[in-house]
Amino acid sequence: MTMLEIKGFGKSFTIHHLNKTIPAVSPMDLTVEAGEFVGIVGKSGSGKSTILKSIYRTYLPYSGEIHYHSAQLGKIDLTQATERQMLYLRKNEIGYVSQFLNVMPRTTCRQLVQNALLEMGESKESAKSEAEAALKHFEMDPELWDSYPKTFSGGEKLRLNIAMATVKKPRLLLLDEPTASLDHQSKIKVREMIEKLKSQGTTLVGIFHDIEFMEGLCDKVFDMKDGKIALPLEGVVHEG
Amino acid sequence: MREQPILQVKNLQKKFGEGCQHCLDPEIRQLEKNFCPYCGTIYAVHDVSFDLYPGEVLGVVGESGSGKSTMLQGLYFDIELAAGEVYINEPMLASQNVLTLSSQQKRYIRNYIYGMVYQNPLDGLKMKFSSIGNIAEKMIAAGSRNVGNIEARSKALLEDVHIPLRRMKEEPRNFSGGMQQRVQIAKALSNNPPILFLDEVTTGLDLSVQASVLDLIKQIQRELHISMIVVSHDLAVIRMLADRSIVMLNGTIIENGLTDQILEDPQHEYTQQLVYSLL
């Protein structure tokens, strides 16, 4: 089954005070099958994040189509979906992990992960135990569980971000540079997390600076250059 | 996925002034910002339409004078609107434009369906009543008669908003601005309203109190599934609270969308300026 089919998708930004429209991504196609892990590489400014953010509707669609196969809503063109449909999908099916942590102030690490589950309608008890399991998995020091992420290190913030997104078990997970600024040990954790999600059937699309780290794990790798997508990159793709 | 909005707002209008031949007809109306250059009539709210869905928080942002609070006061029947339609998806109000109801019916809606937290606690609280008295008054208006129940519920609400019960008999005028705001929230929640309006609730509060108020609002949404309209000029507050937002300028809606989209890919020139100005 095709999970995501992007056809002729392009994106430009109109900047009023410059009186200019700046192209970010030239019309491109990209297909992601269910259960695949697709990597996107490219220099900064090449338009990698623009694709992910447009799938997630953080950026408004500009041209082309983004067909997503939803469990609940059936086949849906995300460029045409209503705001409420997008919110439904974000809550229940599509997750997004960025490098930045943007959360409620003065809410503990543990509460943040629990709240992600409570918002999906889970009971307090199961939210509590699942949140703890997720924090354990990402080796968050238990001393940090009840502290506020404002003072966390970059790596800790990122691991919390990933925990908050993965605990909801999304069908499609968008990873926007999840390994940027992480140390070697934390990168291994992210790789293990991706392996685990993949084995559970999650479809993943991720942007990586250091795609070597995902060697043998990606099903396809695309290279972005100047807002255009080049054909799949060989070498780091897993065999069979 | 077919959802019914709990509140439908269509073409709200509010003007201050009589209007003249140059501005009364919307077809030929040429306003300077939001006022008519010929007669000075202010079109505080014009052509405002949106839907509010069950359990969602809708953000309304815009500079001061953009018509945000006027719109909210109009919805809450504090001021009379010139025109427009408002529908509430409650069985007994089905397909009735609530703006045209009698004042008695409007009072019913305020007592049973709406809650309001004003920017200025003086507007929402009786400063000479005790805190618990303020909450009791609202509950009595909403039909509660059992003193024991009223007291128990008032205490529980004050605890929810972190007001120490030893101070519940004190008048809110003795309280700090943040505490007054929290008493107001407790009062607004006392009748379990399905729809809650919040007007600049965190403006003027110190950051620490702001964090507790934000957390409280999120908790209310999560646990009680109340639908809320949150008006604020503070984009950071809207980002924390609202899934969807509308941006108002000179009395009209210039942009609407998912809140993170408005912040990261703003379309309108004014919204772009607003986002560039964000700290």
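This is a predicted model: local features need pLDDT of at least 70, side-chain atom pairs count only at pLDDT 80 or more; totals for chains, interfaces and linings use all residues.
Is K189(A) buried or exposed? K189(A) counts as buried, because its relative accessibility is 13% and the cut-off for buried is under 20%.

**Stop 1: helix 7 of chain A**

E192(A) counts as partly exposed, with 33% relative accessibility.

Now pick K187(A) and D210(A). Here the side chains form a salt bridge at 2.7 Å, N to O. K187(A) belongs to helix 7 (residues 184–199), while D210(A) lies in the loop between strand 8 (203–207) and strand 9 (220–225) of chain A, so the pair ties together parts 23 residues apart in sequence. Both D210(A) and K187(A) are buried.

**Stop 2**

Move to chain B and select E137(B) with K126(B). The closest N and O atoms of this salt bridge are 2.7 Å apart. E137(B) is in helix 4 (residues 131–141) of chain B, and K126(B) is in the loop between helix 3 (121–124) and helix 4, eleven residues away. E137(B) is partly exposed at 27% relative accessibility. K126(B) is also partly exposed, at 38%.

Next, highlight E83(A), R84(A), E3(B), E56(B) and R244(B). A network of salt bridges links them. Over all chains, the whole structure has 28 salt bridges.

**Stop 2: a buried glutamate**

Select E255(B), in strand 9 (residues 252–258) of chain B.

**Stop 3**

Show helix 7 (207–224) and helix 8 (235–241) of chain B: each supplies at least two lining residues. Helix 8 of chain B gives the largest share, five residues. By class, the lining has 16 nonpolar, five polar and five charged residues.

**Stop 4: two positive phi values**

Most residues other than glycine have a negative phi. Select E139(A), where phi is positive, near 50°. E139(A) lies in the loop between helix 4 (124–137) and helix 5 (142–145) of chain A. Finish at S95(B), with a positive phi of about 45°. S95(B) is in the loop between strand 4 (83–88) and helix 2 (103–112) of chain B, and counts as exposed at 71% relative accessibility.

Notes
Residues are numbered from 1 along each chain as its sequence is written. Chains are lettered from A and ligands numbered from 1 in the order in which they are written. Side-chain values use heavy atoms; hydrogens and water are left out. Helices (H or I, at least four residues) and strands (E, at least two) are DSSP runs, numbered from the N terminus. Ala, Val, Leu, Ile, Met, Phe, Trp, Tyr, Cys and Pro count as nonpolar, Asp, Glu, Lys and Arg as charged, and the others, Gly among them, as polar. Buried means under 20% relative accessible area, exposed over 50%, partly exposed in between (1.4 Å probe, protein chains only). A salt bridge is a side-chain nitrogen of Lys or Arg within 4 Å of a carboxyl oxygen of Asp or Glu.
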